2 protein chains.
Amino acid sequence: MDRYENLENIQVRPDSFECSITADITVFGYVDNKLKVLLLKKTVGDIKDHWMVPGGVMEAEETIEDCASKVLHALTGFQNIHFEQVRTYSSIDRHPLKRVITVCYYALIKPENHPLTLRSNVQSIEWFDMDKLPDNMGFDHRKLIQDAYAFVQNNLRDRLVVGELLPKQFTLPELQNLYEHILNIKLDKRNFRKKMFQMDILKSTGEKKAGVKGGPLLYEVKQL
Amino acid sequence: MDRYENLENIQVRPDSFECSITADITVFGYVDNKLKVLLLKKTVGDIKDHWMVPGGVMEAEETIEDCASKVLHALTGFQNIHFEQVRTYSSIDRHPLKRVITVCYYALIKPENHPLTLRSNVQSIEWFDMDKLPDNMGFDHRKLIQDAYAFVQNNLRDRLVVGELLPKQFTLPELQNLYEHILNIKLDKRNFRKKMFQMDILKSTGEKKAGVKGGPLLYEVKQL
């Protein structure tokens, strides 16, 4: 008989299998032409002395998004950070204590706007270069970061999702620089500009950048 | 005191809050130049007599992806369907019986390859035009479908994700037709072709379509 012929096992019943849910937030920053990711070590919890992205467990009275805001604030002090879902991970053995699925988010922030401080229950917090991640990472967080990074790269190719990575007004060379460092490729200046204008997402401010040779034009991202 | 200052509430403990997880799969098909979505009514379960996308609850020994395959097969008979995560929904009151979060997927299939049959515990199963969804839909499934549709539209703009929507070999007019109906816009033929070749994802088969005036060239999607 077909293993799945009987549908009784796929109804939601009061005694349906349950597990804990966590939110993990991969926070990217862009400093000195390098893409960096925020990692921390906790003083409590299941895997101490391993680097992890900020994350924690969802409670009964909150959504996963509430949970993501809460844990990010608790562990970093950051507030009002915009984040987007990447994907949900549910491997059976991904947590040593019990079955835990995690919903992973990414955020793009400007590190100088959010100075790092040691919050309670955090023993270390640091920005790591994406190409120099530490060896001892907790759970499946290396995979989470790699997936979030691929997600950001794809979004960058298709849309202009720069979050706080650039100031509100920026020049085309600054934008190209960001693309080159995140996508890790060298771009042709003329093709890059053509593509940006085809995407129709930039608005000229009519102003020029002060203090820079040639005074390049400043642009903003169009409000959609 | 900062509500979240104390981190004890975000550790995963054996007694951490748990809830049930479901997988819901929005299956799109493309028939007679219309994008359609597969809905069904169950004979059992929490909301009978409401149209829903195929879905069901994750068990202890399976991942969410295993669960998605299982419920899709159980409710439709479909096997080996490729699906992708859209996003995870966790509103507190989205299920009347208990706290349930759902991970939503989408699939693109060719309905003629997958004839509909009534499986056990399903009282009705039908393809609905995207612009004629029924009024009585269960849970938040109307929102799930709208989000999955936006996701497919975005992917279509940025990449060529046609799944089974087209035959293996297709003409450029057939491809443009698909785009126009899914994006719900009229496209300029010359610009469309230019964009498709810029994306560099089509491979000419060197063959022409038989039985069609002009014998237009047949293309395939490049294997990446």
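Two strands pair if DSSP finds at least two bridges between them. I started my notes there, with strands taken as DSSP runs of E of at least two residues, helices as runs of H or I of at least four, both numbered from the N terminus.

**Ground rules.** I am working with a predicted model, where local features need pLDDT of at least 70, side-chain atom pairs count only at pLDDT 80 or more, and totals for chains, interfaces and linings use all residues. Residues are numbered from 1 along each chain as its sequence is written, chains are lettered from A and ligands numbered from 1 in written order, and side-chain values use heavy atoms, with hydrogens and water left out.

**Chain A.** I found 4 helices and 8 strands in chain A. Read from the N terminus, they go β-β-β-α-β-β-β-α-α-α-β-β. The C-alpha trace of chain A spans about 70 × 45 × 30 Å along its principal axes.

Next I looked up β1 (residues 18-31) of chain A, which is joined to β1(B) by 3 bridges, antiparallel. What stands opposite A:C19? I found B:C19, in β1(B).

**The interface.** I see 58 residues of chain B in contact with 58 residues of chain A, contact being heavy atoms within 4.5 Å. The two chains bury about 5100 Å² between them, 53% of it on carbon and sulfur atoms; buried area is the accessible area (1.4 Å probe) that two parts lose on being put together, summed over both.

I noted 4 salt bridges between the chains (a side-chain nitrogen of Lys or Arg within 4 Å of a carboxyl oxygen of Asp or Glu). One that I looked up joins the side chains of B:R87 and A:E65, at 3.4 Å from N to O. Among the elements giving two or more residues to chain B's side are β3 (55-57), α1 (64-76) and β4 (83-89). Of the contributors, α1(B) gives the most, with 7 residues.

**Symmetry.** Which rotation superposes chain B on chain A? I get 180 degrees, with 0.1 Å of shift along the axis and an RMSD of 0.1 Å, fitted by least squares on C-alpha atoms of residues with pLDDT of at least 70 in both copies. The two copies are therefore related as by a two-fold rotation axis. I also noted that 100% of chain B's interface residues are interface residues in chain A too, so the copies meet through the same surface.
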